[in-house]
Amino acid sequence: MTGGRPRRIALACQGGGSHTAFTAGVLARLLRADALRDHEIVGLSGTSGGAICALLAWVGLRDGDRERAARLLEEFWRDNSARSPIARLQNVGMVAAGALQGLGLAPGISPYAIPRALGGMDQFRALLSRHVDFGALTVDSAGEHPMLLLGAVDVLSGRFRAFNSRQDRITADAVIASAAIPTLFRAVRTHGGTYWDGLFSQNPPVRDLLATRPDELWVVQINAPAIEREPRTLIEIGDRRNGLAGNLSLHQELGFIETIDRMLADGDLLPDRGYIHTTVRIVEMPSTVLPRLIGSASKLNRDVLFLDGLQAKGREQADRFLAALAFEHAVDARDADAVRAATTEEARLVSVAPFRDRADEPLRGHIPALLDGTFTIDPTRKQVAGDRATWTLRLHDGPAAAGQAEAEFTDGRVSGLRLGPVPAER
C-alpha cells in the first residue's frame, strides 16, 4: 500500500516472437498471485509478441477479472501452438528456413513475393479474433480502464507509434502491425500509417506508460542484457545482434526513468512540477532456457513442448520475482521475523568489501546485522530478477556510497545472499 491506497503497477512486455510464451507464463502467474491482490494494474504495454500478451491481459482486466486475463493468455498460446501433423511439419520447415537464412545458406524471400492468401496474416488475424472480441473494444477516452499501448513504427515516415487505448481504437490490425516482422509479413496499413514491427521503435513502449502515474514499472524482458561468452558462429552473432537491437530503446527509456528518480531523491527535481518516483523492476528470461543451435530462429518455433516449456519457465521466474519482492519488503520494514520467513533455514550469507567480510555463514544468524541501518535498498535503481535477484544498496557508513545484494532462491525463499560492490557496468 502507498499512503493508504493500492500500489499502482504498470506492466511492459518486450517483444520476441514465440519467446514471449515466457511472458504469458509470467503474467498468468502474477495475475493469480494473492500477494498482488492489493496492487492496481493501471497500464500495460507491449511490442510484437509482447503486444499480444499485453492485449490479452488487458482484455481480462477491462472487466476487472484477473483470472480471465490469465486464462486468455494460456488459451491463446495453446491455440497458437503447432498441434496437427500439417502444422508441425510447417513449423519445422519455418524454423529450419530461419536457421539456414541466419547462416547465409538459404536466400531470404520477400513477403511481397508470396500471395496474400499464403502469407499468414489472415490466419494470424483469425487466431487473434478467436480470443478477443475486437468489435467490443472502444476508445477509452475517460480512462475508465487500464491503459494499453502497442508499439509499432511507420516504415515510411520513420516515426515511432504506440497505439493507445485511450486515443485509438484497438483493432486486430493494430496488434498485427506491432508484430509485423518485415521478413515475414507485409507492412500493415492501419490508423493512417504503414507499419512494421515495434521491435524497430520502442521495445516495449515505456515513456507513454508513465502517463498512468504508476508507483512501479514491471518489465518482462526477453532479450538477455548480458551473455556468458563471446559469440563466434554466424548463428550466435546474429542472435546477439538481434538481442542488442531489441534492448536498445528499452535501456534508454529505463535509464531516463532512473535519472528522474535520482534527481527527485537528490532534490534537483520537485514533485510539484509533475515528476513522480517510479520504481523499476525487471523480470528477465534466463538465456539458458533457449536452444543455441538455431539462434533467433527459435523465435519462430511453435512446437507444443517448446511453448509449454517457456510458459512453465515464466511461471517459475514469476515465483522468483514474488519471492524477491517479499524479501525486499521485509528488509525495508526492518522486520526480522518477516526476513526469517522469507529465507530458508539453510540459507547462506557471503559478503565482501564494502561490507564486512563474511565467508559462507548462516544467513539467519546475521539478520540483526542486516537490519541495523548501515544500508538501505536504493529505490532509484532497478531491481532485476533473473537467474538471481539483484538490488543496488545505499551505504550510510564507510567510504563507499553503494553496494549490491544478490539473492538466490529455493522453493520461493532466499537460499543464498551475497553482498559486494556494484559492478562497473551498473
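Ser-48 is buried, with a relative accessible area of 2%; buried here means under 20%, exposed over 50% and partly exposed in between, using a 1.4 Å probe and protein chains only. This is a predicted model, in which local features need pLDDT of at least 70 and side-chain atom pairs count only at pLDDT 80 or more, while totals for chains, interfaces and linings use all residues. Residues are numbered from 1 along each chain as its sequence is written, and side-chain values use heavy atoms, with hydrogens and water left out.

Ser-48 sits in the loop between strand 2 (39–47) and helix 2 (49–62). Helices (H or I, at least four residues) and strands (E, at least two) are DSSP runs, numbered from the N terminus. Not counting residues up to four places away in sequence, Ser-48 touches Gly-15, Gly-16, Gly-17, Ser-178, Ala-179, Asp-197 and Leu-199. A contact of this kind means heavy atoms within 4.5 Å.

The UniProt annotation "active site", from an unreviewed entry, covers Ser-48 and Asp-197. The two span 150 residues in sequence, yet no two of their C-alpha atoms are more than 6.2 Å apart, so they gather at one spot. UniProt positions are given in the numbering used here, feature names are shortened, and annotations may be inferred rather than shown by experiment. Asp-197 belongs to strand 6 (residues 193–197) and counts as buried, at 0% relative accessibility. With residues up to four places away in sequence not counted, the residues that Asp-197 touches include Thr-47, Ser-48, Ala-152, Val-153 and Ser-178.

## Helix 1 and its two partners

Let's turn to how helix 1 packs. The axes of helix 1 (residues 21–32) and helix 3 (residues 66–80) come within 8 Å and cross at roughly 160°. That angle makes helix 1 roughly antiparallel to helix 3. Axes are lines fitted to C-alpha atoms, for helices over the stretch in contact, and angles run from 0 to 180 degrees between N-to-C directions. Angles under 35 degrees count as roughly parallel, over 145 as roughly antiparallel, 65 to 115 as roughly perpendicular and the rest as oblique. Helix 1 passes helix 3 in a left-handed crossing; a crossing is left-handed if the near helix is turned anticlockwise from the far one by less than a right angle, and right-handed if clockwise. Among the residues making this contact are Ala-21, Ala-24, Leu-27 and Arg-32 of helix 1, and Arg-66, Glu-67, Leu-73 and Trp-77 of helix 3. The residues of the contact divide into nine nonpolar, no polar and five charged. In this grouping, Ala, Val, Leu, Ile, Met, Phe, Trp, Tyr, Cys and Pro count as nonpolar, Asp, Glu, Lys and Arg as charged, and the others, Gly among them, as polar.

With helix 2, the axis of helix 1 comes within 10 Å and crosses at roughly 25°. Helix 1 is therefore roughly parallel to helix 2, and the crossing is right-handed. Thr-23, Ala-24, Leu-27 and Leu-31 of helix 1 meet Cys-53, Ala-57 and Leu-61 of helix 2. These residues divide into six nonpolar, one polar and no charged.

## Two buried helix residues

Ala-21 is found in helix 1 and counts as buried, at 0% relative accessibility. Leaving aside neighbours within four places in sequence, Ala-21 is in contact with Trp-77, Leu-307, Leu-310 and Gln-311.

Phe-321 has its place in helix 8 (residues 304–332), and it too counts as buried, at 0% relative accessibility. Beyond its neighbours within four places in sequence, Phe-321 is in contact with Leu-30, Trp-218, Arg-281, Val-283, Gln-383 and Ala-385. Phe-321 and Val-283 are 38 residues apart in sequence and 6.8 Å apart in space, C-alpha to C-alpha.

## Backbone details worth a look

Most residues other than glycine have a negative phi, and most peptide bonds are trans. Here, a cis peptide bond joins Asn-203 and Pro-204, with omega about 0°; Pro-204 is found in the loop between strand 6 and strand 7 (216–221). Another cis peptide bond joins Ala-353 and Pro-354, with omega about 15°, and Pro-354 lies in the loop between strand 9 (343–351) and strand 10 (358–362).

Arg-334 has a positive phi, near 55°. This arginine is in the loop between helix 8 and helix 9 (336–341) and counts as partly exposed, at 32% relative accessibility. Asp-360 also has a positive phi near 55°; Asp-360 is found in strand 10 and, at 45% relative accessibility, counts as partly exposed.
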